[in-house]
Amino acid sequence: MTAAQVEIYTRWGCGYCVAAKALLDGKGVAYTEYDVTMGGEKRAAMVARVPGATTVPQILIDGQPVGGSDDIHALDRQGKLDAMLGIAG
């Protein structure tokens with residue numbers, strides 16, 4: 001199974017961002033983090049990739065938006081996150 005490409009848009013001081021990254025770190029998943037604290041191009045890119053996104057974190061797995069921290073924790077509880085991440089169960 002090939003590991004998925006994971007991207008996460010975050011901002012400084014965001015507890016939900018910390019929780020989402022902790023879950024991914026705990027699974028040993030590599031991810032690319034984009035800090036949108038100051039807005040600008042990275043925030044514009046986030047909004048373009050995840051229409052309607054107004055909060056962080058925004059998490060993408062293989063380019064598909066999956067939501068924020070609560071969403072990936074819910075996927076994990078449902079037993080669906082590992083398959084999405086390409087982690088053997």
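A salt bridge is taken here as a side-chain nitrogen of Lys or Arg within 4 Å of a carboxyl oxygen of Asp or Glu, and by this rule the count comes to 4 salt bridges. The model is a predicted one, in which local features need pLDDT of at least 70 and side-chain atom pairs count only at pLDDT 80 or more, while totals for chains, interfaces and linings use all residues. Residues are numbered from 1 along each chain as its sequence is written, and side-chain values use heavy atoms, with hydrogens and water left out.

**Stop 1: Glu-7 and Arg-49**

Select Glu-7 and Arg-49, whose side chains meet in a salt bridge with an N to O distance of 2.8 Å. This pair links distant parts of the chain, with Glu-7 in strand 1 (residues 6-10) and Arg-49 in helix 2, 42 residues apart; helices (H or I, at least four residues) and strands (E, at least two) are DSSP runs, numbered from the N terminus. Glu-7 is buried, with a relative accessible area of 5%, whereas Arg-49 is partly exposed at 32%. For these words, buried means under 20% relative accessible area, exposed over 50%, and partly exposed in between, with a 1.4 Å probe and protein chains only.

**Stop 2: Arg-43, also in helix 2**

Stay on helix 2 (residues 40-49) and select Arg-43, which lies within it and counts as partly exposed at 29% relative accessibility. Leaving aside its neighbours within four places in sequence, Arg-43 is in contact (heavy atoms within 4.5 Å) with Val-36, Ala-53 and Thr-54.

**Stop 3: Glu-33 and Lys-21**

Next select Glu-33 and Lys-21, which form a salt bridge with their closest N and O atoms 3.0 Å apart. Here too the pair links distant parts of the chain, since Glu-33 belongs to strand 2 (residues 32-35) and Lys-21 to helix 1, 12 residues apart. Glu-33 is partly exposed, with a relative accessible area of 37%.

**Stop 4: Lys-27 and its partners**

Move on to Lys-27 and Asp-82, another salt bridge, in which the closest N and O atoms are 2.6 Å apart. Lys-27 sits in the loop between helix 1 and strand 2 and Asp-82 in helix 4, so that the pair links distant parts of the chain, 55 residues apart. Both ends are partly exposed, Lys-27 at 24% and Asp-82 at 23%.

**Stop 5**

Now select helix 3 (residues 69-77), whose buried residues are Ser-69, Ile-72 and Leu-75. These residues cover an arc of only 130° around the axis, and therefore lie on the same side of helix 3, the arc being that of the directions from the helix axis to the C-beta atoms. An α-helix has 3.6 residues a turn, so residues three or four places apart point the same way. The buried residues pack against helix 1 (15-26), strand 3 (58-61), strand 4 (64-67) and helix 4 (81-85), while Asp-70 and Arg-77 are exposed on the other side of helix 3. Just after helix 3, Gly-79 takes a positive phi of about 80°.

**Stop 6: Thr-55**

End at Thr-55, in the loop between helix 2 and strand 3, which counts as partly exposed at 48% relative accessibility. Thr-55 and Met-84 are 29 residues apart in sequence and 22 Å apart in space, C-alpha to C-alpha.
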